[in-house]
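Hello,

Here is the structure for you to take over. Please load it before reading on.

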Amino acid sequence: MLKGRKMILVTGGAGFIGSHTVELLLKEGFEVVILDNLRTGTIDNIPKSTKVKFIKGDIRDEELVKRIMREVEGVIHLATIVSVDEFNYYQKLLIFPY
Ligand SMILES: NC(=O)c1ccc[n+]([C@@H]2O[C@H](COP(=O)([O-])OP(=O)(O)OC[C@H]3O[C@@H](n4cnc5c(N)ncnc54)[C@H](O)[C@@H]3O)[C@@H](O)[C@H]2O)c1
């Protein structure tokens with residue numbers, strides 16, 4: 001893995017896998033920006049470190065994502081709908097919106 005002061009965006013970084021990923025990145029010497037809307041993740045999952053910046057927001061916010069992308073060297077994308085029931089619910093809304 002690359003060493004140095006590189007900054008990585010972790011979407012879903014307040015979630016289960018995301019927060020462990022953030023821990024690993026910090027151990028490897030990276031700084032991290034987390035973008036998470038806290039739908040299922042929590043602030044408590046986020047490692048307390050001056051090398052971590054948390055932004056509460058949605059990955060569907062294009063302008064926000066563009067702004068963050070200008071500051072980072074890489075992205076690990078883990079923000080997601082994990083629950084199958086919830087996914088099916090939203091999928092139905094898209095297919096049969098009315
Ligand atoms: N948990 C596991 O055992 C496991 C195993 C293998 C793979 N995975 C995969 O890892 C990924 C993450 O899973 P997880 O278990 O950490 O889930 P999680 O629910 O703990 O984390 C998902 C995070 O994404 C955030 N999020 C959801 N929608 C968002 C949005 N629109 N904008 C911003 N943030 C948003 C949630 O608030 C949450 O913090 C998934 O793709 C999952 O399939 C998980």
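This is a predicted model: local features need pLDDT of at least 70, side-chain atom pairs count only at pLDDT 80 or more; totals for chains, interfaces and linings use all residues.

Residues are numbered from 1 along each chain as its sequence is written.

**Fold**

The protein chain has three helices and four strands. Helices (H or I, at least four residues) and strands (E, at least two) are DSSP runs, numbered from the N terminus. The order along the sequence is β-α-β-β-α-β-α. The C-alpha trace spans about 50 × 25 × 20 Å along its principal axes. Of the 98 residues, 23% are buried. Buried means 20 or more other C-beta atoms within 10 Å of the residue's own, with C-beta atoms placed from the backbone.

Contacts are pairs of residues whose C-beta atoms, placed from the backbone, lie within 7 Å. Take those between residues at least 6 apart in sequence: 58% join residues at least 24 apart.

Four strands form an open sheet in the order 3-2-1-4, with parallel pairing. Strands pair if DSSP finds at least two bridges between them. Strand 3 (52-56) and strand 4 (74-77) are at the edges with a single partner strand each, so one side of each has no neighbour in the sheet. From one strand to the next, the twist averages 20°. Axes here are lines fitted to C-alpha atoms, and angles run from 0 to 180 degrees between N-to-C directions.

Strand 1 and strand 4 run parallel and are joined by four bridges. Ile8 has Gly74 in strand 4 as its bridge partner.

**Core**

A nonpolar core is a set of buried Ala, Val, Leu, Ile, Met, Phe, Trp, Tyr and Cys residues joined through C-beta atoms within 7 Å. The largest one has 15 residues. Ile8, Leu9, Val10, Val22, Val32, Val33 and Ile34 touch the most other members. Strand 1 (7-11), helix 1 and strand 2 each supply at least two residues. Strand 2 gives the most, with four.

Leaving out residues up to four places away in sequence, Val33 touches Met7, Leu9, Lys53, Ile55, Ile68, Glu71 and Val72.

Best regards

Technical notes
A residue is buried if 20 or more other C-beta atoms lie within 10 Å of its own, exposed if 12 or fewer, and partly exposed in between; C-beta atoms are placed from the backbone. Two residues are in contact if their C-beta atoms, placed from the backbone, lie within 7 Å.
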